[in-house]
Amino acid sequence: MDESNCSETKVLDEIKEEEEDEDLQNLLVPDVQNLPITPPSAVESNFATFFAIDFMKPAHDQYVYRHANGLCVIGLAPSHVAIKDEGGITAVDFNVGKSDRSEMKVTGKRKKNAQHFESNTALCKISTKNDTYIVRCCVKGSLLEVNQQLIKQPELLNVSADREGYIAIIMPKPADWLKVKASLVSLQEYKKLKEVS
C-alpha cells in the first residue's frame with residue numbers, strides 16, 4: 001500500500017515538474033508565430049513617446065521621448081511645418097537669445113553649469129529655403145545637451161528627425177514633468193489627430 005502511494009506521488013511529482021518545465025520553456029522561448037515582423041526599435045523599447053501639438057504656433061509639432069531615468073529627448077515631429085516645407089531644412093542655428101546653446105558645457109554627475117529653461121524658451125532656429133522657425137524646449141528643465149551634428153548636417157532633420165536628428169536632451173524635475181505631461185499627447189493620440197487633419 002505504501003509503495004503504491006509512493007510511486008503515485010513520484011509520478012505526480014514528475015508530471016508537475018514536466019508542466020513547470022514546459023511553462024518555463026514557453027516563457028523563455030516565445031512562439032515564433034506570435035513575434036512581430038520587425039523587432040521594436042531602441043526608442044520604442046526604452047522611451048515613452050509624447051508629442052507637443054501646435055506648440056505656441058499652428059503646425060509647430062514636436063516630440064518628447066522620455067526615458068525611465070527622467071531624461072527627455074526633444075525633436076521635430078514628422079508633422080512639423082519645417083519638415084513639410086519644400087526643399088526641407090537647410091540650416092540649424094543654436095545661437096538664439098542671449099547665448100549660443102551649442103557652446104554650453106555641462107560637467108559631472110550633478111550636471112554643473114546646466115542652464116534651466118522654461119517650456120517656451122527657444123532652443124534653436126531652423127531655416128528652410130522659404131522661412132525660419134524657432135524650436136522651443138516644450139519641457140521645463142535643465143538643458144544637458146544640444147545635437148552638435150545638426151550644425152554641420154542640418155539634413156539629418158529631413159531624413160532622421162526622430163533618431164540622429166534630435167534637437168536636445170533636457171532633464172526636467174519630476175514635479176515639472178507631471179505638469180508638462182498633462183499638456184502632451186501620446187503616440188496613439190498623435191496618430192489619430194494627424195490622420196484626421
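Me: Which domains does the domain assignment give for this protein?

Reply: The assignment gives domain 1 (4-34) and domain 2 (42-194), with bounds that come from an automatic or database domain assignment. The C-alpha centres of domain 1 and domain 2 lie 51 Å apart. This is a predicted model, in which local features need pLDDT of at least 70 and side-chain atom pairs count only at pLDDT 80 or more, while totals for chains, interfaces and linings use all residues. Residues are numbered from 1 along each chain as its sequence is written, and side-chain values use heavy atoms, with hydrogens and water left out.

Me: Why is S79 called buried?

Reply: S79 has a relative accessible area of 9%, and buried means under 20%, exposed over 50% and partly exposed in between (1.4 Å probe, protein chains only), so S79 counts as buried.

Me: What is S79 in contact with, leaving aside its neighbours within four places in sequence?

Reply: S79 is in contact with A59, D61, K84, Y190 and K194, where contact means heavy atoms within 4.5 Å.

Me: What makes the pair of F47 and Y65 tilted?

Reply: The structure holds four aromatic pairs. In one of them, F47 and Y65, the ring centres are 6.1 Å apart and the planes stand at 50°; rings of Phe, Tyr and Trp (its six-membered ring) pair if their centres lie within 6.5 Å, and planes under 30 degrees apart count as stacked, over 60 as edge-to-face and the rest as tilted, so this pair is tilted.

Me: How do you know whether F47 and Y65 are buried or partly exposed?

Reply: F47 has a relative accessible area of 23% and is therefore partly exposed, whereas Y65, at 8% relative accessibility, counts as buried.

Me: Why is the pair of F51 and Y190 called stacked?

Reply: The rings of F51 and Y190 have their centres 3.8 Å apart and their planes at 5°, so the pair is stacked. F51 lies in strand β1 and Y190 in helix α7 (residues 187-196), so the pair ties together parts that are 139 residues apart in sequence; helices (H or I, at least four residues) and strands (E, at least two) are DSSP runs, numbered from the N terminus.

Me: What makes up the largest nonpolar core, and which residues have the most contacts inside it?

Reply: The largest nonpolar core has 33 residues, and V64, I126, V139, L157 and I167 have the most contacts inside it. A nonpolar core is a set of buried Ala, Val, Leu, Ile, Met, Phe, Trp, Tyr and Cys residues joined through side-chain atoms within 4.5 Å.
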